[in-house]
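Biologist: Could you walk me through how to read the packing in this model? I would like the general idea each time, then the case at hand.

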Number of protein chains: 2
Amino acid sequence: MVNNKLTLADAFGQAAYIVGGHGSRKVKVLQEALEQVDGETFSDHYGNGSIIDEFQQEMADVLGKESAVFFPSGTMAQQIALRIWCDRAGIKRVAYHPLSHLEIHEEDGLKELHQIESILLGKADRLITLSDVKAIKEKYACLLLELPQREIGGQLPAYEELEAISTYCREQGIKLHLDGARLFEITPYYGKTPAEICSLFDSVYISFYKGIGGIAGAILAGDTDIMQESKVWKRRHGGDLIGLYPYILSSKYYYNERVGKMGHYYEQAKELASLFNACHGIRTIPEIPVSNMFHIHFALAASEVEPLLVQMAQQFDIAITSYLNKTGGNSCSFEMSTGDRYDTVPQEKLRDALTWLDGELQNR
Amino acid sequence: MVNNKLTLADAFGQAAYIVGGHGSRKVKVLQEALEQVDGETFSDHYGNGSIIDEFQQEMADVLGKESAVFFPSGTMAQQIALRIWCDRAGIKRVAYHPLSHLEIHEEDGLKELHQIESILLGKADRLITLSDVKAIKEKYACLLLELPQREIGGQLPAYEELEAISTYCREQGIKLHLDGARLFEITPYYGKTPAEICSLFDSVYISFYKGIGGIAGAILAGDTDIMQESKVWKRRHGGDLIGLYPYILSSKYYYNERVGKMGHYYEQAKELASLFNACHGIRTIPEIPVSNMFHIHFALAASEVEPLLVQMAQQFDIAITSYLNKTGGNSCSFEMSTGDRYDTVPQEKLRDALTWLDGELQNR
């Protein structure tokens, strides 16, 4: 029964099949992660104890770094990494993409808490290039690169470009920090291990609730002296909790569950993007995904797209998004990340739904 | 079998009966809290969602404040409260006890992240008095009072003194902030509700892993405009996690389990302190506890006390502490907080053990 008064978010919530993600963020995600854990296991205690030490060491090894520290959030971990690099250089300035998480999602924490200025490199709608890096005349302590660049659909530079930027930074004494919130997700495209990619960087942050699908939590990795200093800042930020184990245990559990599936998610994303690109007035960025994520752009106003997606969800029981971002008077977009749910969607139903959507879009 | 090579921490870990606390900090604490929760319950999402909203509202009501915000830690919550008061006053200076948590346990986060100076009020070994407050000539934005003052055994001012300090601060335009890490624990002694005590303060922090026995987490409460501003700072600090529910659910669970038992814990503490004070060379601070906590001081070097406590643990299967703080060449101390475990200790065994300890101490 079609009810066109339904919001897109409601239609999304009611559809039997959701195309992206691993599943809803519900308490059972934590319950499942804890099912296998011996209740007699001791909590970590203000950053110490085997439950945190062992996971930190495991992640240091995976990332090919001397040392790693578990943080409640990437916001905290990354500000701290940049602060340490600035203190060492004696320069309170860093460079990153105009749509970096630090610039648009953190209420200017880097500036307000650390008095660190940012140089916005390149343009908002494209990747940072070696030429952008070379063009900066001002002195700065650290360059942050986000791989993939999430806000432009999860694009990636060619690996050779990345290597050239890394070499240039080392020559210039500029520290290179990786915002690797989706690091595991890009390993299939680059055909590199996490450690190989991280070897280009002086410090690295990874997240456990994107492709890994945990609850929250982050790792910062690098040389031991930097990591020791990061623990002091973690306490200052209020992140050195008496027990971080709910996040550590769930990060570990879902890391083990999903890190081996990143190639599969990547293949899903390429397949799904090609289905969207076959629709009238839809294009994906990147056209061919380089990880499990991409953005889907409609050449039509959100107010016209929304009822179509509501109808599609009701008619085919397939939901592709709960929201639309207006990107202009006559365009809108949303983000897609493939994951465990994709394989539960009947392929024929999905193709029927997108064929129907294509037809509707042609009539606009 | 007595093994005198055992460390105090090991002897503590092996004893059948531990006198203080609620129990070991183990993963089962979280598992138990989650057992009753419907797995289909949605996570909070960056500070929003009913799971966080409802608990925040419940705590605002308990504390008699307009609004409350859940934080991962008190370190984060309190720095932020003081920062907001300083920004409003245009004065980057606050006052607190020389042994305040902010001064000795936070790696100077307040100074390093917020550039806020501290005035240390009164003396380290006693409570802040109204005279101390009146004696400050410098301008400052906020006075932080910790109730009870943990580092001196959990002492409390007379309620009338507290009221007088509150009145004075209001007259002078100084904001009064409560470090209420152990607020629920002091309600039986004062014979006041949390809301009555909090009415003397402009902002209040409470903790969920002291007397409440949760895993981690804190609430900051006050007027709605202050709380809204605190959310911005929470994001800047990296504490606005995509999901704080592991701490929220466990805080809620153990709050409901234990908030009604604070009077009982207080009675236990008074009884236990009197047993210690009956021993030669032992005194407690306060002599008569005013909450569930107190400090136990030996007039003997830690190196002499430690083997006695190891032996006591092995001979009577009763452990009273896992550590000793050296407080001078010939003295040492440790902290005691009574809780659920106290009632599991056979009273006769405890009295026998302390009688034996008294005898041993008399021979030194």
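Modeller: Gladly, starting with a helix pair. Two packed helices are described by the angle between their axes and the distance between the axes. Here helix α13 (residues 262-277) and helix α15 (residues 347-362), both of chain A, pack at about 30 degrees with their axes 10 Å apart. Since angles under 35 degrees count as roughly parallel, α13(A) is therefore roughly parallel to α15(A). Axes are lines fitted to C-alpha atoms, for helices over the stretch in contact, and angles run from 0 to 180 degrees between N-to-C directions. Helices (H or I, at least four residues) and strands (E, at least two) are DSSP runs, numbered from the N terminus.

Before we go on, this is a predicted model: local features need pLDDT of at least 70, and side-chain atom pairs count only at pLDDT 80 or more, while totals for chains, interfaces and linings use all residues. Residues are numbered from 1 along each chain as its sequence is written, chains are lettered from A and ligands numbered from 1 in the order in which they are written, and side-chain values use heavy atoms, without hydrogens and water.

Biologist: Which residues of α13(A) and α15(A) meet?

Modeller: Glu271(A), Leu272(A), Leu275(A) and Phe276(A) in α13(A) meet Gln347(A), Leu350(A), Arg351(A) and Leu354(A) in α15(A), where contact means heavy atoms within 4.5 Å.

Biologist: And how should I read the sheet in chain B?

Modeller: In a regular strand the side chains alternate between the two faces of the sheet. In chain B, 7 strands form an open, mixed sheet in the order β2-β8-β7-β6-β5-β3-β4; two strands pair if DSSP finds at least two bridges between them. β2 (67-71) and β4 (117-120) of chain B each have a single partner strand, so one side of each has no neighbour in the sheet. The twist averages 20 degrees from one strand to the next. β2(B) runs antiparallel to β8 (residues 218-222) of chain B, joined by 5 bridges, and Ser67(B) stands opposite Gly222(B).

Biologist: How much area do chain B and chain A bury between them?

Modeller: The size of an interface is often given as the accessible area lost when the parts come together. Chain B and chain A bury about 4,200 Å², 59% of it on carbon and sulfur atoms; the probe is 1.4 Å and the loss is summed over both parts. Val27(B), Leu113(B) and Arg236(B) supply 16% of the area that chain B buries against chain A, more than any other three residues.

How values were computed
Parallel < 35°, antiparallel > 145°, perpendicular 65-115°, else oblique. Buried area = accessible area lost by both parts, 1.4 Å probe.
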